[in-house]
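Subject: Handing over the two-chain model

Hi,

Here is the structure I promised to pass on to you. Please open it first, and then read my notes below with it on your screen.

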Amino acid sequence: MAVIEVQEVTFAYGTRPVVEQVSLGVESGEFLGLVGPNGSGKTTLLELMIGLRPADSGSITLFGDPAQASTQGDRLGYVPQDVANAKDEMPITVREAVRMGRYPQKLVGRFTDADRDAVESALQRVEIADLADRRVGRLSGGQRQRVFIARALASDADLLALDEPTVGVDAESREAFYDLLNELNEDGMTIILIEHDIGIVTTHASKIACLNQELFFHGDPEAFVETNALADAYGGSQSILQHNH
Amino acid sequence: MIIVLSLSTATDSITEVILDDIWGTAMDALSKLTGIDMFGFPFMQRAYLAAVCIALIGPLVGSFLVHREMAMIGDTLAHSAFAGVAAGLFVNATFGTNVPPLFTALIVAAVAALLVQTLVDYAGAYHDTSLAIVLAGSFAVGSVLVTATDGGIAVGINSYLFGSLATVTRVNATILVVLSLIVTAGITVAYRPLLYITFDEVGARAAGISVRRYNQLLAVLTAVVVVAAMQIMGVILVAAMLVIPVASATSIRGFKRSIMGGVCLGLVSTVAGVTISYQYDVAAGGTIVLVAIAVYIVGMIGPRARNSLVSEHTEGDSATVTGVNAEGSDKGE
């Protein structure tokens, strides 16, 4: 079953086109790696897919509903760009942040035992239960990533969208983080990952989408390595950069 | 006409219950118990009531503003509230009506809050420019209105500019209590979405939370706090209570606990400030802000001084301190 269905979607910031005529589907249980040069529209496409932006044309469905009108926010876990450096001074604890996973289902009202259990087991699943009472702002980049994953797990999400999650994270934590993503994927979590390190994506993802405004490739990692899609997409970007300067 | 009459009777009876039956009785008892006359004076009782309300609602709303780096919105809305006060006094002077200036201040500040939020939505971020335009524009309207009459209202406006214990009339005290209840209820109901948005705005949108609506709510609640606190703090200093106690409490671990910490530190500042202000006959708003800043400095220096003492004297604890520092430094990797 398709979790996300993108059909002939186009989006522009003002007159500057960012995503052009992109069509692709994300199946349940898939691990999709979204690659492309800087400024290629990866983040915008991800935002379109999860309903954060309206498309100029084309259609996008998320969990079977139009993405913009989706009411199933609790099924989606989002890990934003640059969490490693954000909100240092906010005195929020790890547990407080993970509890947010329950908020879409419970904006007001007391937490039940089921809510609390979901939070605790999410903390244990990503191995940060011992950090629960620490401040998020005092954690390392790798630990912070896990807080966001735990938040998604607490909400019983079955789709995880990550935008360059390991920027500012050391190599060792990064490796452990991608192993965790693979484990979650094996347990049935659908994952969409934006990542600039193509080696990592081809190792961990089950599908690759290569984007530079247009979709240059969509298929298996093995096939991706063999095609010229990468050179085409990145070569395109260099000429675009030259035009701009 | 009947509705207006019954409304004003209802307001009178609420005023009596709050000011005389509950707060007045408690403060009279405190005055007898401690032998301090000041607690027994009705106007000081009202000032202390205002102090408690401001200490409660300032950090309650301010905690969300400070951690979203929106602290400046308090200042902007305070200046809009000033325009509102001027408009109320102007209408009263021109048409011989008797509208409480706090009501007009509330309306103008709430409209300005929505205007700022709209500008921000279109500009895409909390641009200083949007805030500066609304701030300056409001103050300009206020100053024009103040001078548009024969100077009669210029006298009345002074107490709102600088704040004063005497501004807290019975009506104003009741308005303040009601506004405080509204703010407390609003924050209680919207606590979770506001916390989510403050921590991770994009994540909140992805989770299906209506970020725009809660941003508007936060802006309007800020306007309410500003108007409520304006009578004692004065327009120019009112934003301080949204920011300083919150800043003093950021070292407390846990967002909810830091809000409570902010309220406690706010209480220390406002109650001490009102007391000192009466004792030495100086401006209440300024005194409160100076006490709040003193509390902030003590809070900032205190733990550091203790840490350095501890690390000099005990080896075990110095390891903990170093551990914390190391933790702070590795997040940049």
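In chain A, 53% of the 245 residues are buried, where buried means under 20% relative accessible area, exposed means over 50% and partly exposed is in between, with a 1.4 Å probe and protein chains only. Please keep in mind that this is a predicted model, so to speak of local features a pLDDT of at least 70 is needed, side-chain atom pairs count only at pLDDT 80 or more, and totals for chains, interfaces and linings use all residues. Residues are numbered from 1 along each chain as its sequence is written, chains are lettered from A and ligands numbered from 1 in the order in which they are written, and side-chain values use heavy atoms, with hydrogens and water left out.

Chain A has eight helices and ten strands. These are DSSP runs numbered from the N terminus, with helices being H or I of at least four residues and strands E of at least two. Of the contacts in chain A with a separation of 6 or more, 67% are between residues 24 or more positions apart; contact means heavy atoms within 4.5 Å.

Now to where the chains meet. On the chain A side 41 residues are in contact with 31 residues of chain B. The size of an interface is often given as the accessible area lost when the parts come together. Between chain A and chain B about 3,000 Å² is buried, and carbon and sulfur atoms give 60% of that; buried area is the accessible area (1.4 Å probe) that two parts lose on being put together, summed over both.

How many salt bridges does the rule find across the interface of chain A and chain B? There is one, and it is formed by the side chains of Arg151(A) and Asp200(B), at 2.6 Å from N to O. A salt bridge here is a side-chain nitrogen of Lys or Arg within 4 Å of a carboxyl oxygen of Asp or Glu. The rule also finds eleven residue pairs in polar contact across this interface, both residues being at pLDDT 80 or more. A polar contact is a pair of N or O atoms within 3.5 Å; within protein, one must be able to donate a hydrogen and the other to accept it, and residues adjacent in sequence count only if both atoms are side-chain atoms. On the side of chain A that touches chain B, the elements giving two or more residues are β6 (76-79), α2 (94-99) and α4 (141-154). The most comes from α4(A), with four residues.

Over all chains, the structure holds 13 salt bridges. One of them joins Asp156(A) and Arg102(A), whose closest N and O atoms are 3.3 Å apart. Asp156(A) lies in the loop between α4 and β7 (159-163) of chain A and Arg102(A) in the loop between α2 and α3 (113-125), so this pair ties together parts that are 54 residues apart in sequence. Arg102(A) is buried, at 6% relative accessibility. Asp115(A) and Lys106(A) also meet in a salt bridge, at 2.7 Å from N to O, and both residues are buried. Salt bridges link Arg102(A), Lys106(A), Asp115(A) and Asp156(A) in a network.

In chain B, have a look at Arg68(B) and Glu201(B), which form a salt bridge with their closest N and O atoms 2.7 Å apart. Arg68(B) is in the loop between α2 (42-67) and α3 of chain B, while Glu201(B) is 133 residues away in helix α8 (residues 201-206). Arg68(B) is buried at 11% relative accessibility, whereas Glu201(B) is partly exposed at 34%.

Next, the rings. The whole structure has twelve aromatic pairs over all chains. Rings of Phe, Tyr and Trp (its six-membered ring) pair if their centres lie within 6.5 Å, and planes under 30 degrees apart count as stacked, over 60 as edge-to-face and the rest as tilted. Phe82(B) and Phe139(B) are stacked, because their ring centres are 4.6 Å apart and their planes are at 20°. Phe82(B) is buried at 4% relative accessible area, and Phe139(B) is partly exposed at 29%. Another set of ring pairs links Tyr103(A), Phe111(A) and Tyr196(B) into a cluster.

Best wishes
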